[in-house]
Amino acid sequence: QQLGLFAEAVSFYQQALDINANLEPVYSNMAMALREIGEEQRAGQIMKKLEQRRAASSATHTQTYGDLQEIGLDQLNRGDYAAAEASFHGALAKEGGDNYAVHYNMGLVYFFTRQ
(Lines give C-alpha, C1' and ligand atoms only; values in the text may rest on other atoms or scores of the structure.)
Protein backbone atom coordinates (compact mmCIF):
# COMPACT_ATOMS: atom_id res chain seq x y z
CA GLN A 1 0.00 0.00 0.00
CA GLN A 2 1.29 3.42 -0.96
CA LEU A 3 1.67 6.09 1.68
CA GLY A 4 0.62 9.60 0.88
CA LEU A 5 -2.27 11.28 -0.83
CA PHE A 6 0.01 13.05 -3.27
CA ALA A 7 -2.61 14.61 -5.56
CA GLU A 8 -4.34 16.09 -2.52
CA ALA A 9 -1.01 17.37 -1.22
CA VAL A 10 -0.31 19.06 -4.58
CA SER A 11 -3.69 20.79 -4.40
CA PHE A 12 -2.96 22.23 -0.95
CA TYR A 13 0.59 23.18 -1.88
CA GLN A 14 -0.78 25.10 -4.86
CA GLN A 15 -3.26 26.89 -2.60
CA ALA A 16 -0.44 27.84 -0.25
CA LEU A 17 1.57 29.26 -3.15
CA ASP A 18 -1.46 31.13 -4.45
CA ILE A 19 -1.64 32.86 -1.08
CA ASN A 20 2.10 33.36 -0.61
CA ALA A 21 4.45 32.64 -3.52
CA ASN A 22 7.49 33.21 -1.28
CA LEU A 23 7.17 29.87 0.54
CA GLU A 24 10.20 28.23 -1.05
CA PRO A 25 9.95 24.86 0.77
CA VAL A 26 6.46 24.42 -0.66
CA TYR A 27 7.88 24.38 -4.20
CA SER A 28 10.21 21.47 -3.46
CA ASN A 29 7.55 19.55 -1.53
CA MET A 30 5.11 20.06 -4.39
CA ALA A 31 7.69 18.80 -6.90
CA MET A 32 8.30 15.68 -4.80
CA ALA A 33 4.57 14.97 -4.63
CA LEU A 34 4.24 15.47 -8.38
CA ARG A 35 7.05 12.98 -8.98
CA GLU A 36 5.22 10.47 -6.80
CA ILE A 37 2.19 10.65 -9.10
CA GLY A 38 4.28 10.44 -12.26
CA GLU A 39 4.19 14.10 -13.26
CA GLU A 40 7.94 14.46 -13.86
CA GLN A 41 7.61 17.29 -16.38
CA ARG A 42 5.45 19.41 -14.09
CA ALA A 43 7.78 18.63 -11.17
CA GLY A 44 10.72 19.84 -13.26
CA GLN A 45 8.87 23.06 -14.08
CA ILE A 46 8.20 23.68 -10.38
CA MET A 47 11.87 23.10 -9.50
CA LYS A 48 12.97 25.41 -12.33
CA LYS A 49 10.67 28.11 -10.94
CA LEU A 50 12.20 27.57 -7.48
CA GLU A 51 15.73 27.83 -8.85
CA GLN A 52 14.82 31.05 -10.67
CA ARG A 53 13.36 32.51 -7.47
CA ARG A 54 16.49 31.56 -5.55
CA ALA A 55 18.76 33.06 -8.19
CA ALA A 56 16.79 36.32 -8.15
CA SER A 57 16.80 36.33 -4.36
CA SER A 58 20.53 35.72 -4.06
CA ALA A 59 21.18 38.59 -6.47
CA THR A 60 19.41 41.01 -4.15
CA HIS A 61 20.51 39.83 -0.70
CA THR A 62 23.07 37.75 1.12
CA GLN A 63 21.87 34.29 2.00
CA THR A 64 21.12 33.76 5.67
CA TYR A 65 21.60 30.50 7.54
CA GLY A 66 17.86 29.96 7.15
CA ASP A 67 18.10 30.32 3.37
CA LEU A 68 20.96 27.84 3.24
CA GLN A 69 19.14 25.45 5.54
CA GLU A 70 16.05 25.48 3.29
CA ILE A 71 18.22 24.89 0.23
CA GLY A 72 19.99 22.06 2.05
CA LEU A 73 16.67 20.48 3.05
CA ASP A 74 15.51 20.55 -0.55
CA GLN A 75 18.78 18.94 -1.66
CA LEU A 76 18.51 16.36 1.11
CA ASN A 77 14.96 15.49 0.05
CA ARG A 78 16.15 15.00 -3.53
CA GLY A 79 19.00 12.75 -2.42
CA ASP A 80 21.72 15.23 -3.42
CA TYR A 81 23.71 14.63 -0.25
CA ALA A 82 26.96 16.31 -1.33
CA ALA A 83 25.12 19.53 -2.18
CA ALA A 84 23.09 19.33 1.05
CA GLU A 85 26.29 18.89 3.04
CA ALA A 86 27.77 22.01 1.43
CA SER A 87 24.61 24.02 2.12
CA PHE A 88 24.49 22.95 5.77
CA HIS A 89 28.19 23.71 6.22
CA GLY A 90 27.47 27.14 4.77
CA ALA A 91 24.56 27.56 7.19
CA LEU A 92 26.77 26.62 10.16
CA ALA A 93 29.19 29.38 9.19
CA LYS A 94 26.47 32.07 9.16
CA GLU A 95 25.31 34.11 12.13
CA GLY A 96 22.72 32.08 14.03
CA GLY A 97 23.43 28.95 12.01
CA ASP A 98 25.26 27.06 14.72
CA ASN A 99 22.02 25.66 16.11
CA TYR A 100 20.42 22.30 16.76
CA ALA A 101 18.39 22.21 13.54
CA VAL A 102 21.36 22.65 11.23
CA HIS A 103 23.38 20.07 13.18
CA TYR A 104 20.45 17.67 13.06
CA ASN A 105 20.09 18.13 9.31
CA MET A 106 23.83 17.57 8.84
CA GLY A 107 23.39 14.33 10.79
CA LEU A 108 20.66 13.31 8.34
CA VAL A 109 23.04 13.89 5.44
CA TYR A 110 25.58 11.52 6.94
CA PHE A 111 22.88 9.05 8.00
CA PHE A 112 21.60 8.70 4.43
CA THR A 113 24.93 8.96 2.57
CA ARG A 114 26.07 5.63 1.19
CA GLN A 115 29.77 4.77 1.16
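Predicted model: local features only at pLDDT ≥ 70, side-chain atom pairs only at ≥ 80, totals over all residues.
Residues are numbered from 1 along each chain as its sequence is written, and side-chain values use heavy atoms, without hydrogens and water.

Next I looked up the fold. I found six helices and zero strands in the chain (DSSP runs: H or I of at least four residues for helices, E of at least two for strands). The radius of gyration, taken over C-alpha atoms, is 15 Å, close to the 13 Å that the globule rule gives for 115 residues, so the chain is as compact as a globular protein of that length. That rule is 2.2 Å times the number of residues to the power 0.38. I read the span of the C-alpha trace along its principal axes as about 40 × 40 × 20 Å. Buried residues (under 20% relative accessible area, 1.4 Å probe, protein chains only) make up 30% of the 115 residues.

Then I turned to Ser28, which sits in helix 2 (residues 24-36). Ser28 counts as buried, at 4% relative accessibility. Its side chain makes a polar contact of 3.3 Å with the side chain of Asp74 (N or O atoms within 3.5 Å, one able to donate a hydrogen and the other to accept it; residues adjacent in sequence count only if both atoms are side-chain atoms). A polar side-chain atom of Ser28 also lies 3.0 Å from the backbone oxygen of Pro25. Beyond neighbours within four places in sequence, I list Met47, Leu50 and Asp74 as contacts of Ser28 (heavy atoms within 4.5 Å).

Key: Buried < 20%, exposed > 50% of the residue type's maximum accessible area, 1.4 Å probe, protein only.
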